[in-house]
Amino acid sequence: MAEAHQAVAFQFTVSPEGVDLRLSHAALKQVYLAGLRSWKKKITRLRNSLVTGVFPASPASWLVMAAAILASQASRLDPSMGLIGKIKEHLPASAYLSEPARAGLGALAFATLLWLGLVVTMRGALRALLCYHGWMGEEHGRPSHATKCWLALVKIFAGRRPMLYSYQASLPRLPVPPVSDTVQRYLESMRPLLSDSHFQRAAALGRDFERSLGPRLQWYLTLKSWWATNYVSDWWEEYVYLRGRGPLMVNSNYYAMDFLYVTPTPLQAARAGNVVHAVLLYRRLLNREQIKPLMIQGTLPMCSAQYERMFNTTRVPGVEADSLQHRRDSRHIAVFHAGRFFRVGLYHGGRLLGPRELQAQFQRILDDPAPPAPGEETLAALTAGPREPWARARRTYFGSGRNQDSLRAVEQAAFFLTLDTTEQGLLGPEPGRALDRYAKALLHGQCHDRWFDKSFTLIVFRNGKIGLNAEHSWADAPVMGHLWEYTLATDVFQLGYGADGHCKGELDPSIPPPQKLQWEIPEECRRVIQGSLRAAQALAHDVDFHTFAFKDFGKGLIKKCRTSPDSFIQLALQLAHFRDKGKFCLTYEAAMTRLFREGRTETVRSCSIESCNFVRAMTDSAQSAAQRLALFRVAAAKHQTLYRRAMTGAGIDRHLFCLYVVSKYLGVDSPFLREVLSEPWGLSTSQTPIQQLELFDLKQHPDYISCGGGFGPVDDNGYGVSYIIIGEDLITFHVSCKFSSPETDAHRFGANIRTALLDLRALFNLPPK
């Protein structure tokens, strides 16, 4: 086999004269270049750790400080007020150190201590400044004088040219809200959803919890908030994600789509070559920490911790709980095509493979006629089904030999790539239905052609369309969205394609071909695989999906209403849901808490008393337009308040979740917490933010827009809705539910969303665009 020959660095023969050793210079060169690359990465990490460790100061500022202190010493000035002399007295006596040298060392030591003190002071001042959130309650574009002064101070202490993790040590900790506030806000959120008798019961449970068990649980939670970096995130990752025993596919993983109207090349291997290279360029920036940290209003930093496990990460199944396996580096990716698994190296000659070279590698896989081994074609269904059978099968059948080696190649890959055998996108006479099929292909595919355990699976379809499927436990969707925006923009606007649709660049014929992974899957394991496949297919077939682009208006018109675009859409969703089901429901909207260190998300309970009053007015013909408009203003303002609370650590659900976890550790039962945690989310929503708008010129290239992404329904009788606001005139929606529910229909709900948005436009008496 070719790969076997490439792996041999030397050959030898034994003869009567001794051992004849013949070294392979080409192989030794690869060993040398691999070691050189490894040392370069170690030096880069060391340098980045130093720069990040002293931020918002810089190593150069130490030189300035040291030079100033030494210059003052030379001028016979003592800015240390005698401290340099004290330091000099404690230096060991040596014949090799003259008096001026001892004085110089004392001055350098003092300069270092002074500099470190300034670093700690600046970092503490920045952390204190970032604890202020009063600016959120002010009208956009009209900050108060206090906020202007605060922003000026933040800019002074925020440093210059931050790296990705520069602000991590300066971010404040997530605060623990008072139990009384959380209980009160919870009851307020449930009031429009409960009858009087049920609400009185909930209020009684809440008051009893607040007086009795709540303070005891709060004490432990407060203690954790002082000790741990974030009192929520580790428990959220473990109990919400890693301890879940149901399938990841549909229930947890989410997806992202390609450009809506454009496919840059119809050649599958070429698109894969460019996109994989773009993803690897992003990984290089990430490893060097050269990605700019996300900033609100260009000034306020957000936590970057979730980026750390984007690559080289796999979720490993366990019988009771999964775990996340992260490697510092990986030099290959795993590729799936037509039932076969391949290992593709990413480096040759100490450099990253170019797009044209990657295209050639992927074309070799597409042209490879080798059939899959028995059981190999549907092997990935283990990652799509329930977790416990996969955990037991992994331990029993993949713990040694070829299976262990091949599984290790998949799990230790930088990421997973599927060269899909189907075509997707706006195809056929019904492009709307084609988008629905495209969404389902990304969400679950054929249930055995994605490795759902990898941090993300990149999918390239036969006609050149692309997408990705991401595992949720290691990070939230905006982090993957950042990678996806960079990838799409780099693919088209930087790398590009030739006139024939192929990738640009040269081809090195000496690059080793892809290595087909070998499996020996016994019959008992194949039965387990088939069981997981049946469970996954039943789940996938039950998913009803509707993806559509709303083109009647977008953010530009909404801003004329002098309201938040997110509040506008959330109120439209409330109106659409009421028309769809004739009732209100508990609504989940994800808000980021990344203003705090290691923050992830908090829930905005979008169904409020104020939103219900507005919806009722919209369905009551006796209400005038002026009355409806007034109620809309009140409801939108309430939604903004709820969103601000969630972002600033004053939300409801993460606090209640952590109190529940503490109660379980203490072995005590709380009827109040048990009831809170068992309530179904009938409507789960999420906005996908565009974070790098500067990468896309929508005026020059209006067709180069992504359709965003989506997720599966959270509740068996509920809806999942993801939406993305693109530019000034477009909003795309991804609506999911289950066919098995008699209460839901994705296309019906999509039609109600369109109608609700148009009704809100009419409410403001705004003309069509």
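Author: A residue is called buried when its relative accessible area is under 20%, and exposed when over 50%. The model discussed here is predicted.

Reader: Which residues in H18 are buried?

Author: Cys525, Ile529, Ser532, Leu533, Ala536, Leu539 and Ala540 of H18 fall in the buried class, which means each has under 20% relative accessible area.

Reader: What puts them on the same side of H18?

Author: The arc they cover around the axis is only 125 degrees, so they share one side of H18. An α-helix has 3.6 residues a turn, so residues three or four places apart point the same way. On the other side of H18, Arg527, Arg534 and His541 are exposed.

Reader: What covers the buried residues of H18?

Author: The cover includes helices H13, H14 and H16, together with strands E16 and E22.

Reader: How do you know that the span of H18 agrees with its 19 residues?

Author: At 1.5 Å a residue, residues 523-541 should span 27 Å; the end C-alpha atoms of H18 are 26 Å apart, which agrees.

Reader: Why is strand E21 called largely enclosed?

Author: Because 8 of the 8 residues of E21 (719-726) are buried, the strand is largely enclosed by the rest of the structure. Tyr719, Val721, Tyr723 and Ile725 point one way, Gly720, Ser722, Ile724 and Ile726 the other, and all are buried.

Reader: What makes E21 and E22 a pair?

Author: Pairing needs at least two bridges. E21 and E22 are joined by 7 bridges and run antiparallel, so they pair. Isoleucine 726 stands opposite leucine 730 in E22. The two strands form a hairpin with 3 residues between them, and glycine 727 in the turn has a positive phi of about 60 degrees.

Conventions
Residues numbered from 1 in each chain as written. Predicted model: local features only at pLDDT ≥ 70, side-chain atom pairs only at ≥ 80, totals over all residues. Heavy atoms only, no water. Helix = DSSP H or I, 4+ residues; strand = E, 2+ residues; numbered from the N terminus. Expected span 1.5 Å × (residues − 1). Buried < 20%, exposed > 50% of the residue type's maximum accessible area, 1.4 Å probe, protein only. Arc of directions from axis to C-beta. Contact = heavy atoms within 4.5 Å.
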